[in-house]
Amino acid sequence: MSGQDISHDLAARVAEASQSGTALTIHGSGSKTFYGRASRGETLAVDGHTGIVNYEPTELVLTARAGTPLAELDEALAAEGQQMPFDPPRFGGGTLGGAIATGLSGPGRPWLGAARDQVLGLRLINGRGEHMRFGGEVMKNVAGYDVSRLMAGALGTLGVLTEVSLKVLPRPEAELGLRLNLPVMEGFSQVEDWFRQGFPVTGAAHDGSHLHLRLSGSQSALQAAGQTIGGEHVAEVANWWSALRDQALPFFEDADTPLWRVSLPPLTDSSGFDGPVLHDWNGQQLWLRGARDAAALREQAASLGGHAVCFRGGDQEDAVFHPLAAPLQTFHRRLKQAFDPAGILNPGRMYADF
Amino acid sequence: MVSVYRQEDHAFEVDRETLIQGLREVLAPDNLLVDDEAMRPFECDGLSAYRQMPLVVALPSSIDEVQAVLALCSRLRVPVVARGAGTSLSAGALPHPQGVLLSLSRFNQILSIDERRRLARVQPGVRNLAISEAAAPYGLYYAPDPSSQITCSIGGNVAENAGGVHCLKYGLTVHNVLSVTMVTMEGELVTLGSEALDSPGFDLMAAITGSEGMLGVIVDVTVKLLPHPPAKEVLLAGFADVETAGNAVAGIIAAGIIPGGLEMMDNPAIRAAEDFVHAGYPVDAAAILICELDGNPAELQDQLDKLRILLDRLGSNDIRVAKTPEEQASFWAGRKAAFPAVGRISPDYYCIDGTIPRKRLAEVLRRMQELSDQYGQRVVNVFHAGDGNLHPLVLYDGNVPGEFDRTEELGGKILELCVEVGGTVTGEHGVGMEKINQMCVQFPEAEITQFHALKAAFDPHGLLNPGKAIPTLSRCAEFGGMHVHDGQLPHPDIPRF
């Protein structure tokens, strides 16, 4: 297997920083530096820690070093007819470590699972510079606390990820893209019914005028679904959905205004969110374009059982993520203390107080 | 019965009378048991070889009472062991000799089924199967189906990250629970997760799921429901040797088929099950695979055709597809009755729970046979083949002096073998008290220390389920099986007893 192992150097560097109290900013390919708060400190480059360590297609497991480019994983998986079902946003680059540390998932999330769902195990360097291994390369494993999944979305504030084992799955035989003339809520409700009928839905988004539907499965299943559902067949299906995933659709073009993300419970009436809105995840992930009153938007999302994040283009010195309830704040502070007592790993990247 | 707790696990200073007096002030009179006779049913869980009487048993009937009990125990520094239906197979709910056994059995209400949004909100004492039964009128079900699903409770399922026979396709408890409300050791009520697909901050649902009652006491659970698949097929394939069967599992997955369930049984298990439920299994086969496919009818037919050709090519000499729902049920009946079936051929059996990479199956089965010969105890194998989760059943007679001890030692060796080939000491039953020594084999000192630090973030005084799940370093030093890291002697700084 290719690549290089620089974990000894990384661990030594963290141990040293821990001694001297030097803050470190973990840096992979830099494709998602816009996400989260600005973190201060010296750069700890992990993009030199690369390579697939183990890939067993029949075990449905792939293990790679954290700095491995997502493109390299895509290529290796495609060669065996497999894929990462959580389909992380690539944003023109991206590493495995960054995909897990941010915990972001693509348009198939409601049906195919999230980044955290597909993490089987990982290695990390904690804030003391100790290189450790949690979980493993098997599907079922309940030995010890699930530290691996806890790292998904922790933005590197609890440890420097060095290696990740993922559950991977066969790539579907074919994809079908449909465009339907249905209003937002009616469309999403309809998608839910199609899913219940056994149609292999893997994407449902609404751009304000049309419902975009993606189905993935055998030719026979897609043919049956297409006949029942109707709508306009979209050529080059993959392109539209990867553009949605990577925020390359025209909706996302105006990079000067903030982009908010709102996460909601299933089939929530989102008609109260005004301005330009793009609905993904069958209405459970909303993209809102333009400057907003943060407090009002957060309150609106919370009142519906969800939360709001200023995803990109906002003030990275300000609060980015939804504030935590008081008892949760305590757990967060104590967990940070447990993994990174000197507070040197990506300080402030998630919340200002750690 | 020797105490399985170590000295450092029960070094609390607890005054029973003060505790009882305090509990009487916060609990309704019927919700506290202090007499030995009344407490006896709580002295063990599903792993009855481990027994321990608690100081008292609390059976709260409201969240307020749970909060008050925990706040009191936190103040008095009294250990608390939470218990759901008591079906743990790893002694996870074994009482603590100085502690309160906190039974959640009275929290048995389904609070709501949101048919349209496919959510169920339930109290922790609700039985796993009861959720699916309540959802069935809407064509929905709750996916994780541990074999104890008739009796086990959802709170315990979350605590253990329970699995079942459909995990490869539908995931474990961690993939199917959206939110929990729990009471912290200090008595504070806190909600983790949400009905949305993600929540701000750390993924605390990941931390709490499978935490074995070490981080908090769950009092409310929201789970995701799935629609019943519109169609399913069940197929049974016999093999003349176990290795060919193991390779067939890899072959199915390599062909891009992810079955809803994929189970393997070896010859002794086939025979025991057939004698018990007459499922029509081929009793001369060295191994059988039971494979369930589900999905929409069009795709299913394609997959079934592909699978039959594939299994033939992969060396199965006996392929049967169930023609009716009754026949499907009968193919499953033997597998689901495997444990009681084995109970008929041996006075006692001990169920082991390790996971291995599937490709090492043939080797692991061979070496288990060698261990079985060496210890003189028979081993019968049922196996969640799809996800590599082994359940060897070691047969023994508890009335024959020494047989249980030999069995337990053999079980430990099997788990160590699982770790050696790249697997884990527990796939779905949890560490509890049972596998605590083997944790020292699986994890080096730094990881174990990190686990303790994580626990302290939730339970700073170590009062929740002490002595379980994560071994102390001195236990590991004494057990002597500690992982040797980078060729260094483990724990050179810790005294050995």
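In this predicted model, the interface of domain 1 of chain A and domain 2 of chain A buries about 1,400 Å², where buried area is the accessible area (1.4 Å probe) lost by two parts on being put together, summed over both. Carbon and sulfur atoms carry 68% of this area. The domains comprise residues 7-170 + 333-339 and residues 173-312, respectively, with bounds from an automatic or database domain assignment. Their C-alpha centres are separated by 27 Å. Domain 1 of chain A contributes 16 residues to the contact and domain 2 of chain A contributes 18 (heavy atoms within 4.5 Å). On the side of domain 1 of chain A, A:Phe91, A:Pro107 and A:Trp111 lose the most area, together 46% of what that side buries.

One salt bridge is found across this interface, defined as a side-chain nitrogen of Lys or Arg within 4 Å of a carboxyl oxygen of Asp or Glu. The side chains of A:Asp87 and A:Arg245 form a salt bridge with an N to O distance of 2.8 Å.

Positive phi values occur at two non-glycine residues, A:Leu60 and B:Asn465. A:Leu60, with phi near 60 degrees, lies in the loop between strand 3 (52-56) and strand 4 (61-65) of chain A; strands are DSSP runs (E, at least two residues) and helices are DSSP runs (H or I, at least four), numbered from the N terminus. A:Leu60 is buried, at 0% relative accessibility (buried: under 20% relative accessible area, 1.4 Å probe, protein chains only). B:Asn465, with phi of about 50 degrees, is located between helix 17 (445-458) and helix 18 (473-479) of chain B, and is buried at 2%.

Residues are numbered from 1 along each chain as its sequence is written, and chains are lettered from A and ligands numbered from 1 in the order in which they are written. Local features need pLDDT of at least 70, side-chain atom pairs count only at pLDDT 80 or more, and totals for chains, interfaces and linings use all residues, while side-chain values use heavy atoms, with hydrogens and water left out.

Definitions and conventions:
Buried < 20%, exposed > 50% of the residue type's maximum accessible area, 1.4 Å probe, protein only.
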